[in-house]
Structure formats: C-alpha cells, structure tokens
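Subject: Handover of a structure and notes on it

Dear colleague,

Please look through it before reading the notes that come after it.

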Amino acid sequence: MDDRQAMERALHLAREAADLGEVPVGAVAVKDGQVVGEAFNRRETDRDPLAHAELLALGQAARRLGAWRLTGVTLYATLEPCAMCAGALVQSRVSRLVFGARDPKAGAVGSLYDLARDARHNHRVEVAAGLLAEESGALLKEFFRALRERRETIE
C-alpha cells in the first residue's frame, strides 16, 4: 500500500464518519505496507472525548502488533492532528505521519504547534503534509456547512 492508497482509505473512513454525524476525519496505520489499524472519529457515537480517529487507529495498531512502541508505523490522517493526537504520535514512537488538510484552529503538527517534530521530545515524527488536502478539506467544509444549515433550520 502506497501513500496515496492509504490516504484514499483514510478519506473513505472519514466519509463513513460523516454519514454517522461525526466530524469527518479518518486515520489509517500502516506497517510494512499492511494496514495494522484504521478508524474514524467516534466522539459522538461513543460519547468519548478521546475517540479521535488517530487515537483509535493507534490503539488498534498497538493491539495488532502487540506493542505500544509503533516504530516503523506510518499514520495517515485526513486532518492535521490536534495536540492530544500529536502527543500520542510522539509517545507511541510512530515513525511517520502523512496528513491531508491543515487545521488552522487546532492543528498541532505545524499550524499552532509542532509537537511531532519538537526537538525537546525524545522522539520526533517524520511529517508529510498536504496529501489529498483538497479532498480532505472539501469533506470537512461540506460537513460543517450542512451542520450550520441544520442548526439554522432548527432555530
């Protein structure tokens, strides 16, 4: 599985999230060309503030690999990870992150902070930003546009 294929899978997962009323973010963890974890946001569904796509995919990868150290794993995410998720990337020793759209309001891998590459940490994550960014961003914009329209209709 190459970068584009993995990100396309993450986008598919993000669309599944949107269908459930979740913020459309998908994440896929890959090691040695094989998917070892994948998820979409489930905060609303699970009523869990920690149910971000990235954390769920990392947890699945750790269980599948039988280790909390995810060295050699690349995580693909449709949106730039938040501080919580970027911290998890560092703590789990993920080797590489590939993400789509930047998040100017909460992004912690270059937008507001750069936790994944901060030299003060004992581990730094290689980062590639912008793969399928237009598609990822469009999905988010459409989701929030529709959400605003529903709210306006209710009010």
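The notes below describe the sheet, the helices and several individual residues.

Please bear in mind throughout that this is a predicted model.

The sheet

The sheet is open and consists of 5 strands, arranged in the order β2-β1-β3-β4-β5, with mixed pairing. The edge positions belong to β2 (34-40) and β5 (126-129); each has a single partner strand, so one side of each is left without a neighbour in the sheet. On average, and with direction ignored, neighbouring strands are turned by 15° against each other.

Strand β1 covers residues 26-31 and pairs with β2 in the antiparallel sense, over 6 bridges. Within this pairing, glycine 26 has phenylalanine 40 of β2 as its bridge partner, and alanine 27 stands opposite alanine 39 in β2. Strand β1 also runs antiparallel to β3, to which 5 bridges join it. As to burial, β1 is mostly covered, since 5 of its 6 residues are buried.

β1 and β2 together form a hairpin that has 2 residues between the strands. Aspartate 32 lies in the loop between β1 and β2. The phi of aspartate 32 is positive, near 50°, in a residue other than glycine. For comparison, most residues other than glycine have a negative phi. Aspartate 32 has a relative accessibility of 68% and therefore counts as exposed, the cut-off for that term being over 50%.

Helices against the sheet

Helix α1 (residues 3-19) lies across β1, β2, β3 (73-79) and β4 (96-101), and runs at about 145° to β1. Helix α3 (residues 53-65) also packs on the sheet, where it touches β1, β2 and β3. The direction of α3 makes about 145° with that of β2.

The pair α3 and α4

Helix α4 comprises residues 83-91 and packs with α3 at an angle of about 25°, the two axes being 9 Å apart. At that angle, α3 is roughly parallel to α4, because angles under 35 degrees count as such. The crossing in which α3 passes α4 is left-handed.

Which residues meet where α3 and α4 are in contact? From α3 they are Glu54, Leu55 and Leu58, and from α4 they are Met84, Cys85, Ala88 and Leu89. By type, the residues of this contact divide into 6 nonpolar, no polar and 1 charged.

Among the residues of α4, Cys85, Ala86, Ala88, Leu89 and Val90 are buried. The buried residues of α4 pack against α3, β3 and β4. Arginine 93 follows α4 and has a positive phi, near 65°.

The loop between α2 and α3

Two residues in this loop may be of interest to you. Histidine 52 is placed in the loop between α2 (43-46) and α3. Is histidine 52 buried or exposed? Its relative accessibility is 13%, so histidine 52 counts as buried, the limit for that term being under 20%. Leaving aside residues up to four places away in sequence, histidine 52 touches Asn41, Arg43, Cys82, Met84 and Cys85. Met84 and Cys85 also take part in the contact of α4 with α3.

Arginine 47 is in the loop between α2 and α3 as well. With a relative accessibility of 74%, arginine 47 counts as exposed. Although arginine 47 is not a glycine, its phi is positive, at about 55°.

Serine 136

Serine 136 is found in helix α5, which spans residues 133-154. At 2% relative accessibility, serine 136 counts as buried. If residues up to four places away in sequence are not counted, serine 136 touches Leu11, Thr78, Gly100 and Ala101. Serine 136 and methionine 7 are 129 residues apart in sequence, while their C-alpha atoms are 9.5 Å apart in space.

Yours sincerely

Methods. Residues are numbered from 1 along each chain as its sequence is written. This is a predicted model: local features need pLDDT of at least 70, side-chain atom pairs count only at pLDDT 80 or more; totals for chains, interfaces and linings use all residues. Side-chain values use heavy atoms; hydrogens and water are left out. Two strands pair if DSSP finds at least two bridges between them. Helices (H or I, at least four residues) and strands (E, at least two) are DSSP runs, numbered from the N terminus. Axes are lines fitted to C-alpha atoms, for helices over the stretch in contact, and angles run from 0 to 180 degrees between N-to-C directions. Contact means heavy atoms within 4.5 Å. Buried means under 20% relative accessible area, exposed over 50%, partly exposed in between (1.4 Å probe, protein chains only). Angles under 35 degrees count as roughly parallel, over 145 as roughly antiparallel, 65 to 115 as roughly perpendicular and the rest as oblique. A crossing is left-handed if the near helix is turned anticlockwise from the far one by less than a right angle, and right-handed if clockwise. Ala, Val, Leu, Ile, Met, Phe, Trp, Tyr, Cys and Pro count as nonpolar, Asp, Glu, Lys and Arg as charged, and the others, Gly among them, as polar.
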